[in-house]
Amino acid sequence: MAGNGRACYVYGVVTDDRGDDVVKDLPAVGDPDAAVTLVREGGQAAVVSEVPTDKPLGTPDDLRAHARVLDALAADASPVLPFRFGTVVRDTDAVTGELLAEGHDDFDRALERLRGRSQFTLRARYVEHAVLREVLHEQPEVRRLREQLQGLPEEAGYNERIQLGQLVMDSIAAKREVDALEVTRRLDPLALASATSEPSSAEGLVNAAFLIEDARRADFEQAAEELADHWRDRVELRLLGPLAPYDFVADALGAPQEAVAGTDEGG
């Protein structure tokens, strides 16, 4: 595979009973026309494609391609161990003789732990006008400052505007803490594990990943739908899945490993 400015991009590892048909028509990282294939060794298979060595990786298309391949495998109901975006080795001989040979026992243990499980990611953000209306209703000082500033030119009332902005931010932060606990209360009991990360915007409520057994997938999706109904017109919920278990790789391996980690395509 390698040679003439080409190397071997590695998406992750699966069991060797997987067929190439699941990913054969998907665009590859670095070269959309390259074939995504499986390289088998010792009961395992690395998911790979050719990648040019003279072209930097990391475009949005590359990130999406990486995730699409792994998520297609995850949706096929067999375990997949995702690798960190940008994992490149010399050629397929390095895949079999080094990567799979040296990591075999760790990969085998991780794949077994992930069998029958996949990740669902929940992204929740407040509807801006709705949460601001709540803050105005609940906080008399916010109402007072807002009324005081109405009709004033932009340059007037600088200190009051700073105070108003801080009060609003603090109020939303308090709501976020309470509402994040509601997400945990409703969804954590249906998951084997969960992981959260900070929202990336002022309106963000929570970003949470859940490791779900296939047998409980319908119950989990139903609970997420009920939460969306509960917060209708107040919070926008987006549920992504089934995905490759990006946020649970280290736990599956039993210890962190530099080359193995995920990237959630959802952003």
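Trainee: How far apart are the end C-alpha atoms of helix α2 (residues 92-114)?

Mentor: Bear in mind that this is a predicted model. Helix α2 has 23 residues, and a straight helix at 1.5 Å a residue would reach 33 Å. The end C-alpha atoms of α2 fall short of that span, being only 25 Å apart.

Trainee: What is found at the start of α2, and which residue follows the helix?

Mentor: At the start of α2, a side-chain oxygen of D91 comes to within 3.2 Å of the backbone nitrogen of D93. After α2 comes a residue whose phi is positive, near 75°, and that residue is G116.

Trainee: Which residues of α2 are buried?

Mentor: Buried is taken here as under 20% relative accessible area. By that criterion the buried residues of α2 are A94, V95, T96, L99, L100, G103, F107, A110, L111 and L114.

Trainee: Which residues are the closest to the centre of the largest cavity?

Mentor: A search of the whole structure finds one cavity of 30 Å³ or more, and about 80 Å³ of space lies in the largest cavity. Its lining divides into seven nonpolar, three polar and three charged residues. Of the 13 residues that line this cavity, the closest to its centre are A74, S78, P79, R117 and S118.

Trainee: Is D233 buried or exposed?

Mentor: D233 lies in the loop between α6 (217-230) and β9, and its phi is near 70°, a positive value in a residue other than glycine. Because its relative accessibility is 62%, and the cut-off is over 50%, D233 counts as exposed.

Trainee: Why does R186 count as partly exposed?

Mentor: R186 is found in helix α5 (residues 158-187). Partly exposed covers values between the limits of under 20% for buried and over 50% for exposed. R186 therefore counts as partly exposed, since its relative accessibility is 23%.

Trainee: What kind of peptide bond joins G241 and P242?

Mentor: P242 has its place in strand β9 (residues 235-243). For the bond that joins G241 and P242, omega is about 0°, and the peptide bond is cis.

Methods. Residues are numbered from 1 along each chain as its sequence is written. Side-chain values use heavy atoms; hydrogens and water are left out. Helices (H or I, at least four residues) and strands (E, at least two) are DSSP runs, numbered from the N terminus. The expected span of a helix is 1.5 Å times one less than its number of residues. Buried means under 20% relative accessible area, exposed over 50%, partly exposed in between (1.4 Å probe, protein chains only). A polar contact is a pair of N or O atoms within 3.5 Å; within protein, one must be able to donate a hydrogen and the other to accept it, and residues adjacent in sequence count only if both atoms are side-chain atoms. On a 1 Å grid over the protein atoms alone, a cavity is a set of points where a 1.4 Å probe fits but cannot get out, and a pocket is an open set with protein on both sides within 12 Å along at least five of seven lines; lining residues have an atom within 4 Å of a point. Grid points are joined across faces, edges and corners, and a volume is the space filled by probe spheres set on the points. Ala, Val, Leu, Ile, Met, Phe, Trp, Tyr, Cys and Pro count as nonpolar, Asp, Glu, Lys and Arg as charged, and the others, Gly among them, as polar.
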